[in-house]
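Here are a few notes to read alongside the model. Have the viewer open while you go through them.

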Amino acid sequence: MGIGPWSDNSARGGVLATGHWFSSNLKRALEELFEAKSIFDELDDPEGRAKAVISIGNVYRSIGDYDQAYLNSHQALEFFKTAGNRLWECLALVGLGMTCELIGDYQSSLQHYNKLIEIATTPKTKWIPGRAFDGIGNVYLHMGNYEQALTYYLKSLEVFKDAGERAGIARALNDLGIVHQSLGDHQHAVEFYLNSLQIREEIGQKEAQCTCLVNLGKLYIQEKNAPKAFEYLKRALNIAIEVKANPRIYQAHFQLCDAYELNGDLSNALKHFRAYHQAQEEVFKEESDTKIKNLKTRFEVEKAEKDAEITRLKNVELKEKNLHLEQLLQDLRAAQVH
């Protein structure tokens, strides 16, 4: 799912952020989105601000800060429900469903996805049930119910194809590869992975390319075909390093460790195992630093909101007192006239 459609006021920030997010330049995406959010605050544009908030949540989810991703999506959902903006309400529900899925709260994830299917009935939202079906497929996959997962992934692919949503098509194809690999059907799994990879290369989804490549590497390790595993895993590692996608870096190192061990090269296996741990520690440190920064930001925002509310209440109280005094003066003038 992309960051989403933007209003004219936010076109520049939204387009730039979408490009950075799509190419996995997450730091730059956040910078652009926070800048857009500040502009919306200055313009007193609550809808634009809510769009920036949901998009920021999407980026947080990509870097593994699921607490902040959930908070952002939930805040945006409440706004768009009240505003009656069905498209962005759906986008917020997608964010909630994905976040709950990633933290293992499958019941909540299914609730959000089923709500999506229920409300995504407009032409602008016709691709969104595809994301819901894919998410439901993921839940069944996690639960080990491969036949149900396959059913929902196929529904997802059909919706995305009908809507012409290429990123969604690539997602569904990759997930079909995963479920076929889980069922032991490696021939079809490879076909799905390669088709997904081709689309992701064409549309420039670099981090998503890593996902396909790592999946292919894992499959060939299962088949004890070390040369093919190296081919895909080294490509995955190079792309992940290029776009600084640390979670994909440590995944590639971990699988390369297994591939070298399979090949009897224990020295390189140890090298990649150590690199895996180093990259993993960097990811955890980044997540920790991000959460600390988020808590500080949220504290400052809440303090500013409380200060603003205090000022507002004081102004209301002052206004009421002025109105009361004005009424007393009017009564006094009326009494003097009589």
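1. First, a term: buried means under 20% relative accessible area, exposed over 50%, and partly exposed in between (1.4 Å probe, protein chains only). Alanine 252 comes out at a relative accessible area of 0%, so it counts as buried. Its place is helix α13 (residues 246–262); helices here are DSSP runs of H or I, at least four residues, numbered from the N terminus.

2. A word on the source: this is a predicted model, where local features need pLDDT of at least 70, side-chain atom pairs count only at pLDDT 80 or more, and totals for chains, interfaces and linings use all residues. Residues are numbered from 1 along each chain as its sequence is written, and side-chain values use heavy atoms, with hydrogens and water left out.

3. What does alanine 252 touch, not counting residues up to four places away in sequence? Val214, Leu233, Ala236 and Leu237, where contact means heavy atoms within 4.5 Å. Arginine 235 is 17 residues from alanine 252 in sequence and 9.1 Å away in space, C-alpha to C-alpha.

4. Arginine 200 sits in helix α10 (residues 186–203). Arginine 200 is buried but has no salt bridge, meaning a side-chain nitrogen of Lys or Arg within 4 Å of a carboxyl oxygen of Asp or Glu. The nearest side chain of opposite charge is aspartate 175, 6.2 Å away; Lys and Arg count as positive, Asp and Glu as negative, and His and the chain ends are not counted. Leaving aside neighbours within four places in sequence, the contacts of arginine 200 include Ala170, Asn174 and Cys212.

Conventions. Helix = DSSP H or I, 4+ residues; strand = E, 2+ residues; numbered from the N terminus.
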